[in-house]
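Subject: Structure for you to look over

Hello,

Here is the structure I said I would hand over. My notes on it follow below.

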Amino acid sequence: MNIHEYQAKQIFAKYGVPTPKGLMAESVDQAVKNAEILGGPIWVVKAQIHAGGRGLGGGVKLARSIEEVEKLSREILGMTLVTHQTGPEGKLVQKLYIEDGADIKDELYLGVVLDRAREMPVIMASTEGGMAIEDVAHDSPEKIIKVAVDPAIGFQGFHGRELVFGLGITDPSEQKKFIDFASKLYKLYMENDAEMIEINPLVKTGSGEFLALDGKMGFDDSALGRHPDIEAMRDISEEDADEREAGKYGLSYVSLDGEIGCMVNGAGLAMGTMDTINYMGGTPANFLDVGGKANAETVAKGFEIILKNPKVKAIFVNIFGGIVRCDRIANGILEATKLVDVHVPVIVRLDGTNAPEAAEILRNANIANVIAATDLADGAAKAVAAAKQAK
Amino acid sequence: MSILVNKDTKVIVQGFTGKEGSFHAEQCLAYGTKIVGGVTPNKGGTEHLGQPVFNTVKDAVATTGATVSMIFVPPVFVADAVMEAADAGIELAVIITEGAPVRDMQAAKAYAMKHGMKTIGPNCPGIITAEECKIGIMPGMIFKKGNVGLISKSGTLTYEGANQVCREGFGISTAVGIGGDPIIGLSYKQLLPMFEADPETHAIVMIGEIGGDLEIQAAAYIKEHITKPVVAFIAGQTAPKGKRMGHAGAIVSGGAGTAAEKMAALEAAGVKVVVSPAEIGKAIAEVLAKK
């Protein structure tokens, strides 16, 4: 789960990580009031959406008067912001963050993520703040300092020294402030089961203070149960409605832009099914893992979500029944076709436990647009052919 | 021969009397797995599925001599269960539970390694030595005995791969579902040398997916140390970047961990890489015919 910048900064403040003063607004009036409370003389009006690259997309602007705050708020609130992370459809701006302008001397980067290879959190820092870190990693990887912290010992002095010397911070009082900043960030990463934190830029002010000018945080979904305060920060308007609806039924769904709807059990087989469709000359319309408990209700829900997409020309149901018996799934599919109007060909491949019985059930039901397949390759080929025919 | 587990392996179940634990322990017993007991706190001294129940793993190990534990406890108790098993001298913990927090697994795995305990999973189907010992939730009947070893991040692709291998007239020595979480126990790099050393295994199927770099590490290892033929499939060639595909670890982040880079690394290491899981069986038939 991801949160907004203003929410990340609330968490930062709780841990004593310095940020500029700021207030969230959901209307232009509120934005103006916030600006008056903050007092100026310079404000930053920032679009709050769950995506990076807001500045380049025109969602972050500087205001030098209250009138300008009002004008910019009116422009940004309600705009559809397109950045390199939103996709071409962009994201609607529903919240603003009005923040004190900062006296920026240097722009740095600081983040914490899980290093999967080392199996511990790694603090990443760079002097190249304000740029996309992916680009820095690609063009000049030597400019990223990585310090892995073993949670068994926590953040130690040497971790801090590696960071400040790596960044070329030489003033002892600045060194102390930066190390304190990084150690607090590590602490809040661990204590909140964060998946990633990114501060880009982290600025050094003219007076040698370090401030988190931006703040991005993502959390481990599996750990949200023990962080009700974080769960309460969830903004469902930032999430894909279909993915969310699917999640309620234990389905894992990701929409893609092809023509063949996929319904599969297991994440790996679901990806493998998409890959096979692609290999055979078709295009997958979605990733959908129905999980280990596929039944009539979940299959019906799956059909419903897949068919919301008008591009879908055929559906490939690919189930390898293990503990779940195929005959039960076959009956589930039949029931589901009664619950939902399935108007495109459905190619069904059921393999594994009780597969012959399942084939028999489908044959006897003799539904016009349900086509049986013998294995993965056969099913994918039939689905690709059906989608082509529908054109 | 086989790897890690066989017909003599003594297994206990943590979370023995729960719904999932009971159901799958019963299936494992029916398969022939030597499940010698289980652990459920406050139910020690009772019997379940004809086997003794203990309050602690220490008690269970002391009485039964079990060396492997199959873990079915709820997600937030997984780390505790793994560390208890390690502390009690269990040699291998097979963690089936899905949804354990990453921070918990980090600590639990580090502790397990310190105690010399191997782990498989979490969020995996388990391990099976065909026709001898099934420790997990996979459908036993598709795994016919044979000379192909299988390592997979995905449960259903394990079944798909094993099924194809068997339909081609071959069989499975041992299949290990390693799970698709960001932090997992035994991975390709630790399992490949076990299959290399196992005289019964003549070829290896390796099924990976997007996210992380375990497959890249495996490719480097194969290039240097593996002489047996390896067939690989990497799921998620058509997955969009930055989207999590079902498994917690299956995500291309910052452009790293793509299927394309993993496939290229494996190919460069001499692995036969197939672009669709539908080709796994045929590819195994090819590499074994060449031998």
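Chain A is split into three pieces in the domain assignment: domain 1 covers 1-20 + 103-239, domain 2 covers 21-101 and domain 3 covers 241-389. Please keep in mind that this is a predicted model. Between the C-alpha centres of domain 2 of chain A and domain 3 of chain A the distance is 43 Å.

In domain 3 of chain A (241-389), one strand to look at is β16 (residues 286-289), which is covered on both faces. A:Asn286 and A:Leu288 point to one side and A:Phe287 and A:Asp289 to the other, and all four are buried. β16(A) pairs with strand β14 (residues 252-255) of chain A in the antiparallel sense, over 4 bridges.

Chain B has 9 helices and 14 strands. Its radius of gyration is 18 Å, close to the 19 Å that the globule rule gives for 291 residues, so chain B is as compact as a globular protein of that length. Along the principal axes, the C-alpha atoms of chain B fill a box of roughly 55 × 40 × 30 Å. Of the 291 residues in chain B, 61% are buried. Taking the contacts in chain B between residues at least 6 apart in sequence, 71% join residues at least 24 apart.

For chain B the assignment gives domain 1 (10-120) and domain 2 (138-290). Their centres, taken over C-alpha atoms, are separated by 26 Å. Where the two meet, 8 residues of domain 1 of chain B are in contact with 8 residues of domain 2 of chain B. On the domain 1 side, α4 and β7 (118-120) of chain B each supply at least two residues, and α4(B) gives the most, with 4 residues. By class, that side has 4 nonpolar, 2 polar and 2 charged residues.

Chain B also contains an open sheet of 7 strands, in the order β3-β4-β2-β1-β5-β6-β7, with mixed pairing. Its edge strands are β3 (47-48) and β7 of chain B, each of which pairs on one side only. Within the sheet, strand β1 (residues 10-14) of chain B runs parallel to strand β2 (residues 34-39) of chain B, and 5 bridges join them. B:Val11 has B:Ile35, in β2(B), as its bridge partner.

In soluble globular proteins, nonpolar side chains tend to be buried together. The largest nonpolar core here has 162 residues, and those with the most contacts inside it are B:Ile71, B:Val82 and B:Val94. Helix α3 (residues 78-87) of chain B gives the most to this core, with 7 residues. Leaving aside neighbours within four places in sequence, the contacts of B:Ile71 include B:Gln14, B:Val78, B:Val82, B:Val94 and B:Ile96. Another core, of 37 residues, lies apart from the largest one; among its residues are A:Tyr109, A:Phe178, A:Ala182 and A:Ile199.

Last, how do the chains meet, and how many residues does each give? The contact takes 49 residues from chain B and 43 residues from chain A. On the side of chain B that touches chain A, α4 (102-114), α5 (155-167), β12 (203-209) and β13 (230-235) of chain B each supply at least two residues. That side has 26 nonpolar, 16 polar and 7 charged residues.

Regards

Terms used. Residues are numbered from 1 along each chain as its sequence is written. Chains are lettered from A and ligands numbered from 1 in the order in which they are written. This is a predicted model: local features need pLDDT of at least 70, side-chain atom pairs count only at pLDDT 80 or more; totals for chains, interfaces and linings use all residues. Domain bounds come from an automatic or database domain assignment. Two residues are in contact if their C-beta atoms, placed from the backbone, lie within 7 Å. Ala, Val, Leu, Ile, Met, Phe, Trp, Tyr, Cys and Pro count as nonpolar, Asp, Glu, Lys and Arg as charged, and the others, Gly among them, as polar. A nonpolar core is a set of buried Ala, Val, Leu, Ile, Met, Phe, Trp, Tyr and Cys residues joined through C-beta atoms within 7 Å. A residue is buried if 20 or more other C-beta atoms lie within 10 Å of its own, exposed if 12 or fewer, and partly exposed in between; C-beta atoms are placed from the backbone. The radius of gyration is taken over C-alpha atoms; the globule rule is 2.2 Å times the number of residues to the power 0.38. Two strands pair if DSSP finds at least two bridges between them.
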